[in-house]
Amino acid sequence: MRRLNLFSIASLTALLTLAASCSQEASMQAEAQTPAPTNEPASFVSASAYSRYVDDEGNISLPKDIAMDWAHMGSWAVAKDGGVEGLHNVYAPKEDIEHFRSTGDFADGAIMVKEVRTARGAAHTTGDAHWAEDIQVWFIMVKDTQGRFTDNPLWGDGWGWALYEGKDTTKQVATDYKKDCLGCHIPAKDTDWTYVYGYPALGADVAQFAPQDVEAASAAAAAMTSMAADASGDAMAGEEVFARCASCHSLTPGQHSVGPSLAGFVGRKAGAAEGYNYSSAMAASDVVWSAETLDTHLADVPGFIPGNRMATFFPGGVQDPEERANLVAYLMEAGK
Ligand code: HEC
Ligand code: HEC
């Protein structure tokens, strides 16, 4: 049976229930052999042999009732202006968590859902306590150890990636995981692209992966916000500003000159283009290139990454804020 048919499971369950009314003993035996489905997909997708939440084309469905049926892995409180702006609750099926706890890896087909809710706070007997309100979005990752769905732009780097919005749960809205997801997950690349240290349910070992110092944490934070930040500049005008950089930087992959090629630098750690000999200051930096970090670097070339070699050649950077915004907007596209 290649395709797992949910309807046949449903009718099987109905049969079992029927059997239960005949003989309790018989039904207990049958239940032990046939695990009942724990959770139905809420959306359009039919199951495949690989996963009940993924169809044969790689479409990922939105599982429903996860807070009732799955285990809570952990939560993130996102601070803003001294309060809590959002609460992110992450859930997974219990068996996927058990597999991680015993092996340290996510099993093929393991699924995680991050539910993003707004938060509201008020004085409580515990202090200024915030609680979760409306669902904004659900982020979903499905582990794929086999490199399936190579033609589907929502699959790659060992996962299937999906996004549903609270206002319409029938439509998956992400289009390309490299654009919509990956850049923000780069700080977690070494732990299979997931922020495992945020999930106590995965066991005590994950704590070792937490950011060790403030610098690393803020570099990660810069990478996250950059994806969310709107590039407000005018990319067309920015292309003209790039003429000042072009004497030292090409946009052709691997074509290094005085400076490294800027092909694909967006979302990458500073000092990491292959084949270019960086200063030790840049090579050792925790900075991840985003709209924000690039803007800061160009406003203060000597100061942002102290000791970097661009400061020797081009210390002035780009001082005019509008020119800088346009250049950043251009490079967020051209340097992808
Ligand atoms: C703005 C940056 C950003 C973007 C864009 C982003 N993520 Fe995340 N994601 C994070 C961060 C940071 C966490 C953990 C901390 C948190 O939620 O605040 C996370 C956590 C998750 C989790 C929980 C498991 C884990 O990896 O820790 C899932 C699932 C997830 N993201 C999926 C996605 C998918 C799918 C996309 C694209 C459709 C995406 N994310 C886009 C930053 C981002
Ligand atoms: C006169 C040469 C020169 C000019 C002009 C110049 N840079 Fe650089 N740039 C460098 C050098 C050299 C490095 C490598 C620094 C190091 O290794 O410390 C560098 C590094 C960088 C990096 C880091 C890349 C990486 O892989 O981490 C970025 C981003 C960058 N430059 C952007 C720009 C932008 C944008 C401009 C135009 C406003 C510009 N640079 C103009 C010489 C220059």
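Which is A270, buried or exposed, and how many other C-beta atoms lie within 10 Å?

Mentor: A270 is buried, because 24 other C-beta atoms lie within 10 Å. The cut-offs are simple: a residue is buried with 20 or more other C-beta atoms within 10 Å of its own, exposed with 12 or fewer, and partly exposed in between, and the C-beta atoms are placed from the backbone.

Before we go on, a word on what you're looking at. This is a predicted model, in which local features need pLDDT of at least 70 and side-chain atom pairs count only at pLDDT 80 or more, while totals for chains, interfaces and linings use all residues. Residues are numbered from 1 along each chain as its sequence is written, while chains are lettered from A and ligands numbered from 1 in the order in which they are written.

Back to A270. You'll find A270 in the loop between α8 and α9. Those labels come from DSSP runs, numbered from the N terminus: helices are H or I runs of at least four residues, and strands are E runs of at least two. What does A270 touch, leaving aside its neighbours within four places in sequence? The contacts are M282, S285, V287, W289 and I305, where a contact is a pair of C-beta atoms, placed from the backbone, within 7 Å. M282 sits 12 residues along the chain from A270, and their C-alpha atoms are separated by 6.2 Å.

Now zoom out a bit. A270 is part of a core of 23 residues that also includes F304, V328 and L331. A nonpolar core is a set of buried Ala, Val, Leu, Ile, Met, Phe, Trp, Tyr and Cys residues joined through C-beta atoms within 7 Å.

V328 and L331 take us to helix α13, where both count among the buried residues, along with R324 and Y330. The buried residues of α13 pack against α7 (235-241) and α10.

Next, ligand 2. There are 26 residues around ligand 2, and C245, C248, G259, S279 and M310 come nearest. A residue is near a molecule if its C-beta atom, placed from the backbone, lies within 6 Å of it. Helices α8 (243-246), α9 (280-283), α10 (291-299) and α12 (310-313) each supply at least two residues of this shell. By class, the shell divides into 18 nonpolar, 6 polar and 2 charged residues. Here Ala, Val, Leu, Ile, Met, Phe, Trp, Tyr, Cys and Pro count as nonpolar, Asp, Glu, Lys and Arg as charged, and the others, Gly among them, as polar.

For ligand 1, 23 residues make up the surroundings, and the closest are F139, C181, C184, T194 and Y195. Helix α5 gives the most to that shell, with 4 residues. The shell around ligand 1 has 17 nonpolar, 4 polar and 2 charged residues. Ligand 1 lies between domain 1 (44-209) and domain 2 (216-334), because both give residues to its shell; those bounds come from an automatic or database domain assignment.

F139 belongs to strand β4 and is partly exposed, with 18 other C-beta atoms within 10 Å. Leaving out residues up to four places away in sequence, F139 touches K114 and L163. F139 and A162 are 23 residues apart in sequence, but 5.9 Å apart in space, C-alpha to C-alpha.

There's also the largest nonpolar core, with 36 residues; A92, I111, I140 and V142 have the most contacts inside it. Strand β6 gives the most to this core, with 5 residues. A92 touches W70, A71, M73, I97, A110, I111 and M112, not counting residues up to four places away in sequence.

Finally, the whole chain: 13 helices and 7 strands, with buried residues making up 30% of its 336 residues. Of the contacts with a separation of 6 or more, 50% join residues 24 or more positions apart.

Conventions. Two residues are in contact if their C-beta atoms, placed from the backbone, lie within 7 Å.
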